[in-house]
Amino acid sequence: MPQRTAFITGASRGIGRACALALAASGARVILAARHAQKLDETAEWIRSNGGQAEVVCLDLADPESIPRAFAEAVSKAGPIQILVNNAAITKDGLAVRMKRADFDHVLQVNLGGAFLCIQQVLPSMMRERWGRIINISSVVGQTGNAGQANYVASKAGLIGLTKSLAQEMASRNVTVNAVAPGFIDTEMTQVLPAEVKERILQQIPLKRMGTPEDVAAAVKFLASEEAGYITGHVLNVNGGLFMG
Ligand code: NAP
């Protein structure tokens, strides 16, 4: 099996970092991307010192011009990309009645628009090679809705629609497009939640624990593998049973 190159956005911490480590451990050359270089460099160094191959590029999904620049740099360092993990995302929570238009637009631009622009960067070479894996990190709230997160939820539900449409467009080229929908995962994004909110969510999770970034990374690694070649347009829940859709 040829060595693959995987591009992971938001690879400096949390779920993205775990995905990068898992893909590197499975033999892929990984490109780590986010806005700030320092933590990416530390992760790349860790991967290299454990026998893997890793490169770092900086990009800001809120800045459309930085995206083609980052992909050009990645390709020059590591060759064409066969696996794209659209993981980076932000929240700007608030009740819709008070939400500023700018906060709605910004979250949609980063989480959904940014993912789309990254996909556009990798499609031509994947189509030429007739092999590709695109994995979009959605969220359980994109399936259920969540009060106080209209912008984030719209972006995550949008990623599911984007996944299914692209899966149909790209199937004839042997490019699979899937989404992973994590539930309640222990990362910096959830560490800011008040203890009573965490406790309330935990009560609703049949497996009675928060997920780990590694739980999500295992699903991503599988969808990126040769063995997952007959799965496309799927939303894989990694949520401890919180939502069984
Ligand atoms: P996190 O800890 O907040 O990490 C976010 C990553 O995205 C960081 O590497 C960050 O690095 C990068 N990032 C943020 N803004 C960016 C931008 N404008 N351009 C490029 N990179 C940017 O997030 P996480 O909890 O690991 O979540 C990862 C994914 O899983 C997200 O899509 C999230 O929506 C989804 N998810 C998480 C949970 C959960 O419970 N944690 C649940 C469901 C879904 P820089 O700051 O250096 O840019």
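## Around the ligand

How far does a backbone N or O atom of glycine 10 lie from an oxygen atom of the ligand? The gap is 3.2 Å. Keep in mind that this is a predicted model, so treat each distance here as something computed from that prediction.

Arginine 13 shows up too, this time through its side chain: one of its polar atoms there sits 3.2 Å from a ligand oxygen atom. With tyrosine 152, an N or O atom of the side chain is 2.5 Å from an oxygen atom of the ligand. Zooming out, there are 29 residues around the ligand, and the ones that come nearest are Ser12, Asn87, Tyr152, Lys156 and Thr187.

## H4 against H6

Now for the helices. Two packed helices are described by the angle between their axes and the distance between the axes. Helix H4 covers residues 101–129 and helix H6 covers residues 150–170; they pack at about 20 degrees, with 8 Å between their axes. Because angles under 35 degrees count as roughly parallel, H4 is roughly parallel to H6. The crossing is right-handed.

The H4 side includes Asp103, Phe104, Leu108, Phe116 and Met127. On the H6 side, the contact includes Tyr152 and Lys156, both of which are also among the residues that come nearest to the ligand. By class, the H4–H6 contact has 16 nonpolar, 4 polar and 2 charged residues.

## H3 against H4

H4 has another partner in H3, a helix spanning residues 66–78. Here the packing angle is about 40 degrees and the axes are 10 Å apart, which makes H3 oblique to H4. This crossing is right-handed.

From H3, the residues involved are Ile67, Pro68 and Phe71; they meet Gly114, Leu117, Cys118, Gln121 and Val122 of H4. Sorted by class, that contact has 6 nonpolar and 2 polar residues, with no charged ones.

## H1 against H9

Which helix does H1 pack against at an angle of about 50 degrees? The partner is H9: H1 takes in residues 14–25, H9 takes in residues 213–224, and their axes are 8 Å apart. That angle makes H1 oblique to H9, and H1 passes H9 in a right-handed crossing.

H1 brings Gly14, Ile15, Ala18, Cys19, Ala22 and Leu23 to the contact. Facing them from H9 are Pro213, Glu214, Val216, Ala217, Val220, Lys221 and Ala224. The tally for this contact is 10 nonpolar, 1 polar and 2 charged residues.

Methods: Residues are numbered from 1 along each chain as its sequence is written. This is a predicted model: local features need pLDDT of at least 70, side-chain atom pairs count only at pLDDT 80 or more; totals for chains, interfaces and linings use all residues. Side-chain values use heavy atoms; hydrogens and water are left out. Axes are lines fitted to C-alpha atoms, for helices over the stretch in contact, and angles run from 0 to 180 degrees between N-to-C directions. Helices (H or I, at least four residues) and strands (E, at least two) are DSSP runs, numbered from the N terminus. Angles under 35 degrees count as roughly parallel, over 145 as roughly antiparallel, 65 to 115 as roughly perpendicular and the rest as oblique. A crossing is left-handed if the near helix is turned anticlockwise from the far one by less than a right angle, and right-handed if clockwise. Contact means heavy atoms within 4.5 Å. Ala, Val, Leu, Ile, Met, Phe, Trp, Tyr, Cys and Pro count as nonpolar, Asp, Glu, Lys and Arg as charged, and the others, Gly among them, as polar. A residue is near a molecule or strand if one of its heavy atoms lies within 4 Å of it. A polar contact is a pair of N or O atoms within 3.5 Å; within protein, one must be able to donate a hydrogen and the other to accept it, and residues adjacent in sequence count only if both atoms are side-chain atoms.
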